[in-house]
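Reader: I am new to this structure and would like a close look at one part of it. Please keep to a single site and what surrounds it.

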Amino acid sequence: MKNTIFKCKSLFSLRSGFFFLSFYILEFELAPYVHHLTLLFSPKHKKLSSDLDFPRALHSQSTVRTDVLLMSPWLAPIVWEGTFNRDILNAQYRQKHLVVGVAMFAVKKYIRFIEGFLHSANKFFLSGHRVNFYLFTDHPEKVPSMTLSPEKRLFIIPIEPYSRWQDISMNRMNIISSYIRSRWRHEVDYLYSMDIDVQLFEHIGVEIIDTLVGTISSWQYTKTRENNSYETRPESRAAIPRGEGDFYYAASFYGGIVSEVYKLTTACFKGIMEDRANGIEAKWHEESHLNKYLLYHKPTRLLSPEYYWDEELILPHIVRVKRLSSVHKNLKEVRF
Ligand SMILES: CC(=O)N[C@H]1[C@@H](OP(=O)(O)OP(=O)(O)OC[C@H]2O[C@@H](n3ccc(=O)[nH]c3=O)[C@H](O)[C@@H]2O)O[C@H](CO)[C@H](O)[C@@H]1O
Ligand SMILES: [Mn+2]
């Protein structure tokens, strides 16, 4: 135990780049002691008299997770299975009569992912709530006809393809920004951008709704943490100085209120264009710019890797529900 505490202390005192390594150590080395900590702080053992009158308020506390980080250092909740009551959230959300937009792109060979995405999103994405799916594609005639739930709508928007896959992916920032300006700010309340090469396997509900929302990359929960993925070359507008940074976010799923997503996509595309003018391309393209933006404009809510799991990775037991994950693709084949 002494040894473990020392390790944790020294790890926590390092800069935030080691944050997740600390979780890993905590997760695996403190596991035997967590039970005792749970007992010490469990509301079952120390109930306040006011709590006794409000059993529903206790729900989240009695199922609270002790094995994962539940809040960022800037007090943004991190959404994990077992930390929220969907019935309460749904009841609150329904009163507001909101519409959520989802921007997705299926260009060139990625049209093969449309059916799997839409079929699963129709079932599991904000089930029972109004959602507009905006699908940008260079092959509108190849979009399979599908019957969606009455509260879901699909808009197919033709676009011209870029020849490089990196440009298709990066240019999403530009298209989203200009559609918010011209259309979506009048049409939806919240907007989320999602990769098309994914499928949903469990409900993704209103627990994702907040002002500015990022998804923590599943790569952060593997042992190979040392290959920090930020762009570090100072010549790039996406550069994050070594030792800076708190979480690494996946570009496959982010969103928030329309005005915040507008600021984010506009800033990221500006960075991409400046890099282009300077003859540099960030390591992970728009994902690098997204990470830079979210470092200095902190998300108000973080989604755990339950909300984007990379199928190449072994699922750790802290990820109890795989809500959305990548579809395997032969990169050489689909990107050329
Ligand atoms: C999980 C995650 O964080 N994914 C990001 C990651 O790799 P990925 O390997 O997930 O990138 P990707 O190949 O899925 O491309 C991103 C998205 O661009 C679209 N697309 C891309 C190529 C193409 O020929 N046609 C097409 O439609 C499609 O919507 C796809 O989902 O890095 C990319 C840029 O390096 C993007 O930032 C992705 O969001
Ligand atoms: Mn992808």
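In which strand is Ala106 found?

Author: Ala106 is found in strand E2, and Phe105 has its place there too, the strand covering residues 100–106. Strands here are DSSP runs of E with at least two residues, numbered from the N terminus. This is a predicted model, in which local features need pLDDT of at least 70 and side-chain atom pairs count only at pLDDT 80 or more, while totals for chains, interfaces and linings use all residues. Residues are numbered from 1 along each chain as its sequence is written, and side-chain values use heavy atoms, without hydrogens and water.

Ala106 counts as buried because its relative accessibility is 0%; buried means under 20% relative accessible area with a 1.4 Å probe, protein chains only. Phe105, at 8%, counts as buried as well. Contact means heavy atoms within 4.5 Å. Leaving aside neighbours within four places in sequence, Ala106 is in contact with residues including Ile111, Ile114, Thr137 and Asp138.

The ring of Phe105 belongs to a cluster linked by ring pairs, together with Tyr134, Phe136, Phe155, Tyr179 and Trp184. Rings of Phe, Tyr and Trp (its six-membered ring) pair if their centres lie within 6.5 Å.

An unreviewed UniProt entry annotates a "binding site" covering Phe105, Ala106, Val107, Tyr110, Asp195, Ile196 and Asp197; such annotations may be inferred rather than shown by experiment. These residues are spread over 93 residues of sequence, yet they cluster in space, with a largest C-alpha distance of 11.3 Å.

Key: Chains lettered and ligands numbered in written order. Phe/Tyr/Trp six-rings, centres within 6.5 Å; stacked < 30°, edge-to-face > 60°. Helix = DSSP H or I, 4+ residues; strand = E, 2+ residues; numbered from the N terminus. Buried < 20%, exposed > 50% of the residue type's maximum accessible area, 1.4 Å probe, protein only.
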